[in-house]
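Subject: Structure handover

Hello,

Here is the structure you will be working with. Please open it beside this email, then read on for what was found in it.

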Amino acid sequence: MIAVGVFASVPFSTYVLLAGLNGMPGDVFEAARIDGAGAWTTYRAVTLPLLRPALVVTVVLNIIYLFNSFPIIWTLNERNPGFTQDTTITFMYKLAFKSAEHDVGQAAAGGICNVLLILVAVVVYLRTVKWQEAGT
């Protein structure tokens with residue numbers, strides 16, 4: 001499932017990072033070359049800091065998308081009985097539509113908990129990378 005999730009997120013991540021690379025001004029690379037910076041130093045000191053906002057957007061949206069990737073998980077695990085291999089999304093679906101109780105209310109409450117869990121994960125990530133510095 002991880003390999004399929006990564007494979008599904010590669011095109012989006014590629015486009016966002018390519019847009020970040022295309023938005024970089026060429027004069028900073030020229031200045032780094034004039035200052036005598038090598039390829040690794042230019043990448044580490046110029047490219048990565050300028051690419052940081054695009055990286056933050058890519059990681060945050062991939063956390064949200066892959067955390068809620070119902071079709072991938074459901075397609076790969078549909079035939080597995082019980083709840084042992086479920087994520088929160090497939091568990092809520094089974095609870096609301098496949099179980100004997102058809103407890104839509106409990107599944108909706110699980111959805112709210114799921115959103116709060118994603119929010120906590122994103123806030124922890126943004127605090128870790130100091131997202132306010134990414135815009136500067």
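**A buried tryptophan and its ring partners**

Trp74 has a relative accessibility of 13%, so Trp74 counts as buried. Buried means under 20% relative accessible area, exposed means over 50%, and partly exposed lies in between (1.4 Å probe, protein chains only).

Two notes on the source. This is a predicted model, where local features need pLDDT of at least 70, side-chain atom pairs count only at pLDDT 80 or more, and totals for chains, interfaces and linings use all residues. Residues are numbered from 1 along each chain as its sequence is written, and side-chain values use heavy atoms, with hydrogens and water left out.

Now the rings. A pair of aromatic rings is described by the distance of the centres and the angle of the planes. Rings of Phe, Tyr and Trp (its six-membered ring) pair if their centres lie within 6.5 Å. Planes under 30 degrees apart count as stacked, over 60 as edge-to-face, and the rest as tilted. The count by this rule is six aromatic pairs. In one of them, the centres of Phe70 and Trp74 are 5.6 Å apart and the planes are at 15 degrees, so this pair is stacked.

Helices (H or I, at least four residues) and strands (E, at least two) are DSSP runs, numbered from the N terminus. Phe70 counts as partly exposed, because its relative accessibility is 24%. Ring pairs also join Phe70, Trp74, Tyr93 and Phe97 into a cluster.

**The whole protein**

The protein has seven helices and zero strands. From the N terminus on, its elements run α-α-α-α-α-α-α. How does its radius of gyration compare with that of a compact globule of 136 residues? The globule would be near 14 Å, but the protein has 21 Å. This radius is taken over C-alpha atoms, and the globule rule is 2.2 Å times the number of residues to the power 0.38. The C-alpha trace spans about 70 × 30 × 20 Å along its principal axes. Of the 136 residues, 27% are buried.

**Helix H3**

Asn62 lies in helix H3 (residues 39-67). Its relative accessibility is 13%, so Asn62 counts as buried. Not counting residues up to four places away in sequence, Asn62 touches Ser9, Phe12, Ser13 and Phe67. Contact means heavy atoms within 4.5 Å.

Leu48 is also placed in helix H3. At 31% relative accessibility, Leu48 counts as partly exposed.

Leu126 lies in helix H6. Is Leu126 buried or exposed? Leu126 is buried, with a relative accessible area of 16%. Leu126 and Val56 are 70 residues apart in sequence, and their C-alpha atoms are 7.7 Å apart in space.

His102 sits in the loop between helix H5 (88-98) and helix H6 (104-128). His102 is partly exposed, with a relative accessible area of 46%. Which residues does His102 contact, leaving aside neighbours within four places in sequence? They are Leu95, Ala96 and Phe97. His102 and Ile64 are 38 residues apart along the chain, and 26 Å separates their C-alpha atoms.

Best wishes
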